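Hello,

Here is the structure I promised to pass on. Have a look at it first, and my notes follow just below.

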Amino acid sequence: MPVWRGLTQTETDHDRMRCVVDEKGNLVFASPAVGWSLGLNAAALIAKPASSILSIVSSRDSRHQLLSFAGLISGFYEVALLRRERDPLVLQARIDLVDAPNGKKYTVIWLDPDNKLKRKKNNDFTREAHDFATFVVDSEKKSVEKTADSVPDLAHISQADGELRHFLNLTNDVLGIYRRDGSFGRVNATFNRVLGYSDAELKLFPFIDLIVPEDRENAATALQKIQQAPADQEVRVDFEARTRCKDGGIRWMQWLHKTAGEFVYIVGRDVTSIKQHEVELERREGQLFEAQKIGRMGHWYWEIGQQAFEWSDQIYSIFGVEKGSFVPTMNNVNALLLKRDLGKTYRTFQRAVVRKKDYELEFRLRRPKGGIRFIHCEGRCKVNPKTGQVEALFGIMQDITERTLHERALQEAKDAAESAYASKTRFLANMSHELRTPLNAIIGFSEMIQSQLLGPIGNSRYLGYVGDIQRAGKHLLTLINDILDMSKIEIGKYELYVEEINVGKLICQALNMVEGHAHDAQVRLITDDLPMDVHIMADRRALMQVLLNLMSNAVKFTNPGGSVEIRCQRELGGVAIMVSDTGVGIPKDKISIVTMPFEQVGSELTRKHEGSGLGLAITKDLVELHGGTLDIESEVGVGTTVTVLLPEKISDSKNVKTAAVETTAAAQRTPEMAG
């Protein structure tokens, strides 16, 4: 099938570059575009060797071996256009070898500077080449026959330049007169210019030959009414058809024919651009339809005061109704909306009309076949520029049912998770308070017995048991305090009572509390040159807990004979506290998880030290509540350094309060490690 056969998009084709070569290799046709590219008149190329203007550079198909005109086969090639006084122009070409009805062979060459032909699918290049070569040969034959006549009969094509001729040449319409046998009698200059034929050439064929074969049947049916009409009767027919130009281009023409005696008067209007716009509009409408279908969206229009809406096809689908059987009137649409959303919808449209502003709303509808759908509507007002009043509303509707249900499911899952989390936090807080009361009693009474406040104990072994009870109770109380602190931090209810603190003195207090534990573990504490003039705004109890946790951890994981060093210095507009040990160290892949709640480096079976796994997690959270950072550097077998960087002041927050009185964590926490 030819490239132009069956196409929905029409093309003018005036600038197509093509030529036809006979068996001898001479040009029998060259389009004007070929002449322009060479800097010559296309008519001057006729009968010249094709090799004088074209050179075949290479084949675009591995099957093609010969690169001369004599041995070509149909296919795609790369050719050079030999331009006059300029460098050759290399471009792609389609070359087809065809047999014409006169028994001769011709070569049709399609020059393709934009390389479009190869990309087109389902093209019957051979048939198109055959049709085009046949057209060129027929035109050449008729031209030769007329040239052979010694006295051409051009009497019926008048060349008189009367007033009527001048008026006819002023119009942009194609005008002409032909006899009932189809032969032309007279045309205006626009006819010659638009279709490219001279008056002499029009005498060579009837009007119907101007119509492309695909449209010729419909045109012939219309023209038959004229041919069969009585001579004294005026008959008028009109039709649209693709019309062939002299250069082989195609134009869409709207033809009007009217009989008057033995003559037929024709008016043609070039509607190619209109057809192109129609095709483009149809293409864009198709794209819009597909896009709306994918997005489950449609557009609508409502003129104020009218009952009916204008809907796109997709809105019918959204409402679950058939386009042919459902009329989108105000009452019919309202019948599908849920009653609870009807009033809201009315009010939104009323406000839009009054305020003349864009609007949006969401409503629900019940489809006739069942099912509730959630609809999002956005619209605008069409304002009459003369009256300033809103004369219509228009916009889009989108089915957001799946998105709405998904959001609701996510919200329900979030609410359930938050509820479960709050329940867990309340349980931990309640259990912590419940356990702390008897533990305080156990610890208190064990201390009284250990000190033999009411008299000596008969057997000294009981003192050892009492000491065990006291240590176990303090350890359990520490775990419960950690869990309670962690719960408060997680739910954002841990409050900081800020006051001015001397960091050096606070470190000394923490060292005093950890010193006994370090002595028992045979670990040396090093504190050289602690500054006593560094002050920051912080929560005393929280900062003490940070120091105790870091020092206790360092002592706990340092083997006997090792050391723990505590340093403090000003840094980056705040204060840096470093706790370094010579302990077992932390593997590189575990450093990122040791500050997570309940995480410990060792497994449940291999770790030698007790603890809840909350110590470093609480420490990190308390530091971050102060606006600081906690950094860990460690190497297995060498030791660990934890650096805490705290700002001089804490930014204002609902959980930050100014302390009325100084409090310390010494009376509330023990030097037991927070694990």
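Is the crossing of H13 and H14 left-handed or right-handed? In this predicted model, H13 and H14 cross in the right-handed sense. H13 covers residues 503–520 and H14 covers residues 540–556; the angle between the two helices is about 35°, and their axes lie 9 Å apart.

On the H13 side, the residues that meet H14 are Leu506, Ile507, Gln509, Ala510, Leu511, Met513, Val514, His517 and Ala518. Their partners in H14 are Arg540, Leu543, Met544, Leu547, Leu548, Met551, Ser552 and Val555. By residue class, this contact comprises 13 nonpolar, three polar and one charged.

Ala518 counts as buried because its relative accessibility is 1%, and the cut-off for buried is under 20%. Leaving aside residues up to four places away in sequence, Ala518 touches Val523, Leu525 and Val555. Thr558 is 40 residues from Ala518 along the chain, and the C-alpha atoms of the two are separated by 9.6 Å.

Then a word on the cysteines. With a cut-off of 2.5 Å between sulfur atoms, the disulfide count is zero. Cys19 has 0% relative accessibility, so Cys19 is classed as buried. Cys377 is buried too, again at 0% relative accessibility.

Best wishes

Note on methods: Residues numbered from 1 in each chain as written. Predicted model: local features only at pLDDT ≥ 70, side-chain atom pairs only at ≥ 80, totals over all residues. Heavy atoms only, no water. Axes fitted to C-alpha atoms, helices over the stretch in contact; angles between N-to-C directions. Helix = DSSP H or I, 4+ residues; strand = E, 2+ residues; numbered from the N terminus. Left-handed = near helix turned anticlockwise from the far one by under 90°. Contact = heavy atoms within 4.5 Å. Nonpolar A, V, L, I, M, F, W, Y, C, P; charged D, E, K, R; others polar. Buried < 20%, exposed > 50% of the residue type's maximum accessible area, 1.4 Å probe, protein only.
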